[in-house]
Amino acid sequence: MIEEHAVAAVARAFQIDGEFESAARYGSGHIHDTYSVRFHEGGRGGAHLILQHINTKIFKNPVAVMENIRRVTTHVRAKLDGLPDADQRVLQLVPTREGRVWHVDQEGQYWRAYRFIESARTFDEVRTERQAFEAAKAFGQFQRMLADLPGERLSESIPHFHDTPRRFADFESAVNADAAGRAKHVQEEIAFAMKRRSVAGALVEAGLPERVTHNDTKLNNVMLDEQTGEGICVIDLDTVMPGLAGYDFGDMVRTMTCPAAEDEQDLSQVEMRFSFFEAVLRGYLTGAADFLTAAERESLISGAKVIVFEQGIRFLSDHLAGDTYYKVSRSGQNLDRCRTQFKLLESIERQELEMIKLLRSIGC
Ligand code: ADP
Ligand code: GN1
Ligand code: MG
């Protein structure tokens, strides 16, 4: 945790009028250090920002990430022109005093700032079908707005991010390396994953079209309006890059159909609830139906299986490696996270035929 005065010094590097007032840790993301930062300006109110210390262990080329985000937010903002609340509907980068969209501090650490989106919030666990519908619709619309992004292909901010066969190979290496000496305690989980090796290839081997996708469409990466419940702004844009529609749909099913926490220890609470799945499917198609090909629609349920499986083996690999990637607040947390994913995958497997039937019934 970086001291408040150090955060204040960083915040002052951005183009904000007024005096620094406060900074507090914010949110529950697994990757960056996020702060809510306030500035005041005498009697004239002030500014409220989200300031983020970018995790460069994970995002090794932060400048390329920020260039992606600048292009994506500029494009989306232009599409929203004319809407009275356009500034709430897309992340707004705050430039530094030097005119860049990132800041490097004295220790060589990378930072960025966004305007704080007020009157909206994120949820770590889904509560209602309506939330699932709204969040999925927002991600579908986000993909649609980016379908005509001009210019070069976006940079791959994390190469091979959703290359699930490669993730599986990394998982096998983590088992063999057994860096933290934990493999003997997780034989059941390892066997579960090994048995499903073939799931990994289902999306990448299907010859589907490349799109601009978000790639991290978990529920807490979309802000829901506090009054209306509408999904108003898609956030956490680090991994927006070329990808498959099924990756995004899969992560929505992963995080919007199960009301339990990602690290829930009582596995009896973990299941894919069909009514939530229906809400995710209808919400996503409301946003994305008009550009998806028939093959992409057909791939959506495989996407759910692949992404839940991928996430399970990513958590298990990190547990085996000694918790080096995801933030953890207690020991065994990555293993708990892995177990919820595997339980969810079993639940999806059981309901797969019904899921396919529903997808086809809404016009596939
Ligand atoms: P991470 O990559 O670590 O998940 P996020 O960019 O998702 O980081 O930010 C963490 C949390 O901070 C989000 O889940 C959300 O609650 C909050 N947040 C992020 N950006 C904003 C913003 N512009 N306005 C308000 N809250 C935000
Ligand atoms: C991370 O940044 P955050 O917390 O939204 C991770 C995702 C995982 C997710 C699991 C860059 O997302 O890929 O699906 O945790 N982000 C990165 O909760 O690895
Ligand atoms: Mg996030």
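Helix α7. I looked up what lies over the buried residues of α7, and the cover includes α3 (129–145), α6 (245–256), α8 (294–321) and α9 (333–361), where contact is taken as heavy atoms within 4.5 Å. Helices here are DSSP runs of H or I with at least four residues, strands are runs of E with at least two, and both are numbered from the N terminus. The residues of α7 that I found buried are F276, F277, A279, V280, L281, G283, Y284, L285, G287 and A288; buried stands for under 20% relative accessible area, exposed for over 50%, and partly exposed for what falls in between, with a 1.4 Å probe and protein chains only. I also checked the length of α7 (residues 274–288): its 15 residues should span 21 Å at 1.5 Å a residue, and its end C-alpha atoms are 21 Å apart, which agrees. The expected span is 1.5 Å times one less than the number of residues in the helix.

Note on the source. The model is predicted, so I kept in mind that local features need pLDDT of at least 70 and side-chain atom pairs count only at pLDDT 80 or more, while totals for chains, interfaces and linings use all residues. Residues are numbered from 1 along each chain as its sequence is written, chains are lettered from A and ligands numbered from 1 in the order in which they are written, and side-chain values use heavy atoms, with hydrogens and water left out.

Ligand 1. I counted 20 residues around ligand 1, of which Q52, I117, T122, N220 and D236 come nearest; a residue is near if one of its heavy atoms lies within 4 Å. For polar contacts I used pairs of N or O atoms within 3.5 Å; within protein, one atom must be able to donate a hydrogen and the other to accept it, and residues adjacent in sequence count only if both atoms are side-chain atoms. An N or O atom in the side chain of Q52 is 2.8 Å from an oxygen atom of ligand 1, a backbone N or O atom of I31 lies 3.4 Å from an oxygen atom of this ligand, and a polar side-chain atom of D236 lies 2.9 Å from an oxygen atom of ligand 1. Taken alone ligand 1 exposes 560 Å², and the protein buries 96% of that; accessible areas come from the Shrake-Rupley method with a 1.4 Å probe, and for residues only the protein chains shown count as cover.

Magnesium. Which protein donors does the magnesium ion (ligand 3) have? I found N221 (OD1) and D236 (OD), lying 2.2 Å from the ion. N221 sits in the loop between β7 (211–213) and β8 (222–225) and D236 in the loop between β9 (231–234) and β10 (241–243), so the pair ties together parts that are 15 residues apart in sequence. Donors are N, O and S atoms within 2.8 Å of the metal (3.2 Å for Na, K and Ca), and since water is not among the atoms, sites may look incomplete. N221 is buried at 4% relative accessible area, whereas D236 is partly exposed at 26%. I noted that D236 has a positive phi of about 55° although it is not a glycine.

Ligand 2. Around ligand 2 I found 17 residues, and the closest are H30, K218, E262, Q311 and Y325. An oxygen atom of ligand 2 is 2.5 Å from an N or O atom in the side chain of Y325, another entry gives 2.7 Å for the side chain of E262 and an oxygen atom of ligand 2, and a polar side-chain atom of D216 lies 3.0 Å from an oxygen atom of ligand 2. The protein covers 97% of the 440 Å² of accessible area that ligand 2 has on its own.

Single residues. S157, in the loop between α3 and α4 (164–177), is buried at 10% relative accessibility, and its side chain reaches the backbone oxygen of D238 at 2.7 Å. D323, in the loop between α8 and α9, has a positive phi of about 60° although it is not a glycine, and counts as buried at 19%. H75, in helix α2 (residues 62–79), is buried at 13%.
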